[in-house]
Amino acid sequence: MRRTDQRRAAVFASYQRDVTGTPKPADRLTDFGRELVEGVESHRDELDALIGEQAKGWEMGRIAPLERAILRTALFEILHRPDVPDEVAIDEAVETAKLYCGSEAPGFVNGILGGIVRRLPNDEKRSA
């Protein structure tokens, strides 16, 4: 399975957990997908704080659940996956938003993630 597909599976698993409160069965996820889902869950407060700071005028509850899942997954990769370039994480998130969200979502996702990346000091990136 391509990493793009694994990312999307992780986004939908995180989305399901966010909306229903129950996790999607992990048996359909690869090791990479499981790592993303578990990473998003264990770093949710950190991810949400960064997203909230960048999304001025938007409470997390106002951001559509699927867009939240896309943002969290990409931001987890940016912060905690040194093998994934920032540009790749952002591009994958934008492409996922183009496929599954409203017409304004790709620009919103790109703006939030790009703004966070620009604000992060180099020593904060890629911490484990």
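By the grid rule used here, in which a cavity is a set of points on a 1 Å grid over the protein atoms alone where a 1.4 Å probe fits but cannot get out, the count comes to one cavity of 30 Å³ or more. The model is predicted, so that local features need pLDDT of at least 70 and side-chain atom pairs count only at pLDDT 80 or more, while totals for chains, interfaces and linings use all residues. Residues are numbered from 1 along each chain as its sequence is written, and side-chain values use heavy atoms, with hydrogens and water left out.

The largest cavity has a volume of about 70 Å³, a volume being the space filled by probe spheres set on the grid points, which are joined across faces, edges and corners. Its lining (residues with an atom within 4 Å of a point) consists of Arg 7, Val 11, Ile 70, Thr 73, Ala 74, Glu 77, Ala 89, Glu 92, Ala 93 and Thr 96. Five of these lining residues are nonpolar, two polar and three charged, where Ala, Val, Leu, Ile, Met, Phe, Trp, Tyr, Cys and Pro count as nonpolar, Asp, Glu, Lys and Arg as charged, and the others, Gly among them, as polar. Helix 1 (3-20), helix 4 (65-80) and helix 5 (86-100) each supply at least two residues of this lining; helices are DSSP runs (H or I, at least four residues) numbered from the N terminus.

The helix packing is set out below, with axes fitted as lines to C-alpha atoms over the stretch in contact and angles running from 0 to 180 degrees between N-to-C directions.

| Helix pair | Axis distance | Angle |
|---|---|---|
| Helix 4 and helix 5 | within 9 Å | roughly 165° |
| Helix 3 (44-54) and helix 4 | 10 Å | about 105° |
| Helix 1 and helix 2 (31-42) | within 8 Å | roughly 40° |

Helix 4 and helix 5 are therefore roughly antiparallel (over 145 degrees). Their contact (heavy atoms within 4.5 Å) includes Ile 70, Ala 74 and Glu 77 of helix 4 and Ala 89, Ala 93 and Thr 96 of helix 5, and its residues divide into nine nonpolar, one polar and two charged.

Helix 3 and helix 4 are therefore roughly perpendicular (65 to 115 degrees). Among the residues that meet are Leu 47, Leu 50 and Ile 51 in helix 3 and Leu 71, Leu 75 and Phe 76 in helix 4, and by class this contact has seven nonpolar, one polar and four charged residues.

Between helix 1 and helix 2, the contact includes Arg 7, Ala 10 and Arg 17 in helix 1, which meet residues of helix 2 including Phe 32, Leu 36 and Glu 41; six nonpolar, three polar and four charged residues make up this contact.

Technical notes:
1 Å grid on protein atoms, 1.4 Å probe; cavity = no way out; pocket = protein on both sides within 12 Å on 5 of 7 lines; lining within 4 Å. Parallel < 35°, antiparallel > 145°, perpendicular 65-115°, else oblique.
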